[in-house]
Amino acid sequence: LTTYTPNLIDVKVKSYLRLLVEEPNNYGNRGRLYLYVDIYRSIIQAIEVLNPFYVFQMFSVTFWIINEYVYYAVCVMVMSLASMATTLIQTHLNRARLRKMVASSCNLQVLRTDSNEPQNISSTDLVPGDIIIIPTQGIAMECDAVIISGNCIANESSLTGESNQYLKTPITKTGVEADSIYSSSVHKQHTLFAGTHVVQARSLDCPYVLALVIRTGFYTLKGNLVRDILYPKPMDLKLYRDAYGFLACMAGLAITGMIYSVAVLIRMQVMAIRILTRVVDVVTIAVPPALPIAISVGAGYASYRLKKSGIFCINPSRINLSGKIDLVCFDKTGTLTQDSIEFSGTRPAVDGRFLDIWNDLEDHISEKATIVMATCHSLTWLGNEICGDPIDVVMFNASRWVLDESQDQCHQGKMSYQAVVRSPFQSKDQNQIEYGIMKRFEFSSELKRMSVLIHNIQTNHFMLVVKGAPEMILRFCNPSSVPDNFLAILKSYTSQGCRTLGLAYAQLNPNLSYQDIQQLSRHELEHNLSFAGLLIQQNKLKSGTLTAIRQLTEANIRTIMITGDNLETAVKVAEECEIIQPNDNVDYLTIEEWAEDERRPTMNYKRIKSYVDGQMDSDVEFGDDETSRIVCTGDTFDIIHDKLPQQLNKLLARGTVFARTSPKQKADLVDALKDFGYFVGMCGDGANDCGALKAAHAGISLSEAEASVASPFTSKIPNISCVITLIREGRAALTTSFSLFMYIALSSMVQFITIMILYW
C-alpha cells in the first residue's frame, strides 16, 4: 500500500451543510483519489453558496429588505430557498445512491509470497499481483482479476445491464496464446471485473479457484465507468448558451442604466448616498438573481417522476439533453426484439449440398451439425439449470445432448476436460457418443465466431467445431464443402428475419498427441473447415416496439438500428417495426475489396427494395433520393468514416440500418451522428452497447438492475417505451426551464425600463 492507494471506489457523500458551503475537491489526504459527484450541472454550480450568483442573490435580497422592498424580497428568497432545498436533497440522494451502488468491500483470502498459507485480509488492502481465492459459493468482486485456475460463473449486470450469467475460464498457460500480451478486451472471457458477482466457482485440478489481481480502485473497468459518470464529456445545450448571452446583455444594459441613472440623478441634485442606492437598485433589477435556479429546477422534478416510472437516473444533467433528442439509435436483439430466442431448425450440409431442414434433431443425434451444436458453446451448470448465452442455451437444448461437469467425467486417465457432453441414450444396440471439451476459443464481436477443441472419448480422435456469422465461417471452409446455393439459402432465411449461424468442423490429424493439440493456436486450427450447415433461430419483436417506433416517427424523431446481426435479418426486423417505412426505398451500400495502400476505395450502391414503382433501380445515385434508406455494415461505415469523409454526411443523413457492427463501431457511429448535428439517444441492453450508451447524449439501458454504470439511465421497463417516457420528461424539464427563463427575463426587462422612465 506504500505504492498503491487503497482498493476503494469512494464516492464521498457530503452532508447538506457541506454541500452548501464547500467547494469540491478531487484529492484527499495521502494522495487518495476522492471523486465527488458533480451530477447536477447547469449553467452554474447550483450547490455551493460561494458561487458568485448566490453571493449576488443574497446581496440583492439584503439590499431590497433594507430599502423596504420586503414583500418582493421575501418572495424571491422563498423561491430561491425552495429551489435550493430541492436541489440539495436531490443531489444528496443521487450521491448516496451512487455511493451505495459502487462503494463496497469484503474480507477474502489471499495468497502472497510472504506466507505459504492463505491470509484473510480486507479487499481494500488488495494490490496488483495478489492471488485471491474465489470461494465456491461465489463472491462480489472488488477488483479486476484474471482467473488462473478453475471456472467461475459471473453475473455482470451491474456493469453491462445484461442479466445473463456467463462462464469464465482460466487463462491459457501453454501454447501460442500464453505468449500473447494480456488485454482485458481480448481476454474478457478469463477476466473477473470489479462490480460483478461470482455466483459459483469450481475447480477440478486445483484445491482452489485462483485469480490474479491486475487492477484496483479507479483503475478497474468499474472505476473507469464511474469516473465517466462523475465527469462526463461536456454536452452543450442552446438554452444554457442563450442564458449566458442574456446575462451578458443584461449586464451591459445594467451598466448603461447605471450611467443613465447617475447622470439623471446628479442633474436632479440628489444626495450621493441616494444616487448609490438607486444605482445598485438598477443593477439588481437588470440582472435577475433568480435566473440560474429557475433554469435548473425542471430537471430535479423530472428525475423524481422518472424514478416513479421505473427509469433510474445517475446523471440528471442528461435529463434536459434528452428533451432535445431528434434521433434514437436502437440495438436489435433484446431491445427491439425479445430476449428469448426460438429454435426454428437446422439446415444441414453434407458433401457440398444442403439437405432438407431438420426441425427436430431426435433422428439426427450423431450428425456433424448436431455435434457442433452440442459442443460449440460456453455453457455450464448453475444448480439445476444450464446457464450462459441465451443463443447457446437454445442451441444446446435443441441438440438433446447432455452436459456433464462432474469431476470423475472431466478427468479420464491423462485427459483433462472442461466438461463432457454425451448423446442421449437411444437403444441398447447404440452406444452413447461422448466428447470432452478440451479448450474454448471464445466468441468475440471482432472475430464474429467461436471455436471449441473437442475429443471423441470412444475413438480418441480430436476435432475442432466452429460456429459464427455465416459469411465469416465461409472464409475458413474448404470450398468443396460449401453448397453452390449457399448465399441463396442464407438470404431466404435472413430475409424472413431469422437469426442464422454458420456451423463447421475440422477433423484434426490423428497422429497428433494430446500435448501437441494443446499447443496449437486458434490461427493454426481454424482453416480448411468442413461446412456443416446453418442454425436457424427466430427472435420476435417485443410487444411495445411497434407502438413506440410509430410514436417517435409521428414526433419527427428519426430512428436507426445498430446491430451485430446479419444485414438481411436486420432489414427485415426494421421493416416489421417500421424503422423502415412501407413507402421507403432501401439502398444497400458496400465497399469493393481494396488494399490499405490504395488511395480511394470504391463504393457500390444499389437499390434492393423499391416501393415507388415496384421495380429495382440499379442506376440510383448515392444519397440523392430523399425517400431512400441506406443500409450497410459496420465495416463499410468504418471505411467511409476513415477513407471517404466527404461521403460520410450522406451516409449519416440517410443511414437507417447498420449491421454486423462491433462495440467500437457502435460508439464511433454515435459520435459521428453527434458531430453531424443530431441530439442522439441510444437504447440497448448489453455489454456490446456500453460504449454507445455512454457516447450518446442520453443513453438508456434496459436492465433488471435498479441502476447500472453502463449508462446514464437504466430502465426496468422491459421495452423501448421507456424512450418515449424519457423524451417526454426531458421536454417537460426543458419547457419548465425555458418558461421560467422567459418569465424572469421579461419581468426584469419590464421592471428595468419602468424604472428608467420613472427616473426621467
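**Figure 1. Val723 and its contacts in the predicted model.** Val723 touches Val328, Phe330, Cys683 and Ile700, leaving out residues up to four places away in sequence. The model shown here and in the other views is a predicted one.

**Figure 2. The largest nonpolar core.** This core has 40 residues, and those that touch the most other members are Phe330, Val657, Phe713 and Val723. Several elements give two or more residues to the core, among them helix H8 (291–308), helix H18 (545–554) and helix H19 (567–576).

**Figure 3. Helices H11 and H12 where they pack.** Helix H11 covers residues 368–375 and helix H12 covers residues 390–399. Their axes are 8 Å apart and meet at an angle of about 135°. H11 is therefore oblique to H12. The crossing of H11 past H12 is left-handed. On the H11 side the contact is made by Thr370, Met373 and Ala374, and on the H12 side by Met395, Phe396, Ala398 and Ser399. Sorted by class, the contact of H11 with H12 has 5 nonpolar residues, 2 polar residues and no charged residues.

**Figure 4. Asp130 in a loop.** Asp130 is located in the loop between strand S2 (119–122) and strand S3 (131–134). Is Asp130 buried or exposed? The relative accessibility of Asp130 is 5%, which is under 20%, so Asp130 counts as buried. Apart from neighbours within four places in sequence, Asp130 is in contact with Val110, Leu111, Arg112, Asp125, Ala211, Leu212 and Val213. From C-alpha to C-alpha, Asp130 and Thr113 are 8.9 Å apart in space, and they are 17 residues apart in sequence.

**Figure 5. His187 in a loop.** The loop that holds His187 runs between strand S7 (165–168) and strand S8 (191–192). His187 has a relative accessible area of 10% and is therefore buried, the cut-off being under 20%. With neighbours within four places in sequence left aside, the contacts of His187 are Ile171, Ser180, Ile181 and Tyr182.

Figure 6. Most residues other than glycine have a negative phi. Asp351 is not a glycine, yet its phi is positive, at about 55°. Asp351 lies in the loop between strand S13 (342–350) and strand S14 (353–354). Its relative accessible area is 75%, which is over 50%, so Asp351 is exposed. Asn460 is not a glycine either, and its phi is positive at about 65°. The loop that contains Asn460 is between strand S22 (449–456) and strand S23 (462–468). With a relative accessible area of 45%, Asn460 is partly exposed.

**Figure 7. The chain around the close-up views.** How many helices and strands are in the chain? The chain has 24 helices and 33 strands. Of its 760 residues, 55% are buried. Among contacts in the chain with a separation of 6 or more, 70% are between residues 24 or more positions apart.

Note on methods: Residues are numbered from 1 along each chain as its sequence is written. This is a predicted model: local features need pLDDT of at least 70, side-chain atom pairs count only at pLDDT 80 or more; totals for chains, interfaces and linings use all residues. Side-chain values use heavy atoms; hydrogens and water are left out. Helices (H or I, at least four residues) and strands (E, at least two) are DSSP runs, numbered from the N terminus. Buried means under 20% relative accessible area, exposed over 50%, partly exposed in between (1.4 Å probe, protein chains only). Contact means heavy atoms within 4.5 Å. Axes are lines fitted to C-alpha atoms, for helices over the stretch in contact, and angles run from 0 to 180 degrees between N-to-C directions. Angles under 35 degrees count as roughly parallel, over 145 as roughly antiparallel, 65 to 115 as roughly perpendicular and the rest as oblique. A crossing is left-handed if the near helix is turned anticlockwise from the far one by less than a right angle, and right-handed if clockwise. Ala, Val, Leu, Ile, Met, Phe, Trp, Tyr, Cys and Pro count as nonpolar, Asp, Glu, Lys and Arg as charged, and the others, Gly among them, as polar. A nonpolar core is a set of buried Ala, Val, Leu, Ile, Met, Phe, Trp, Tyr and Cys residues joined through side-chain atoms within 4.5 Å.
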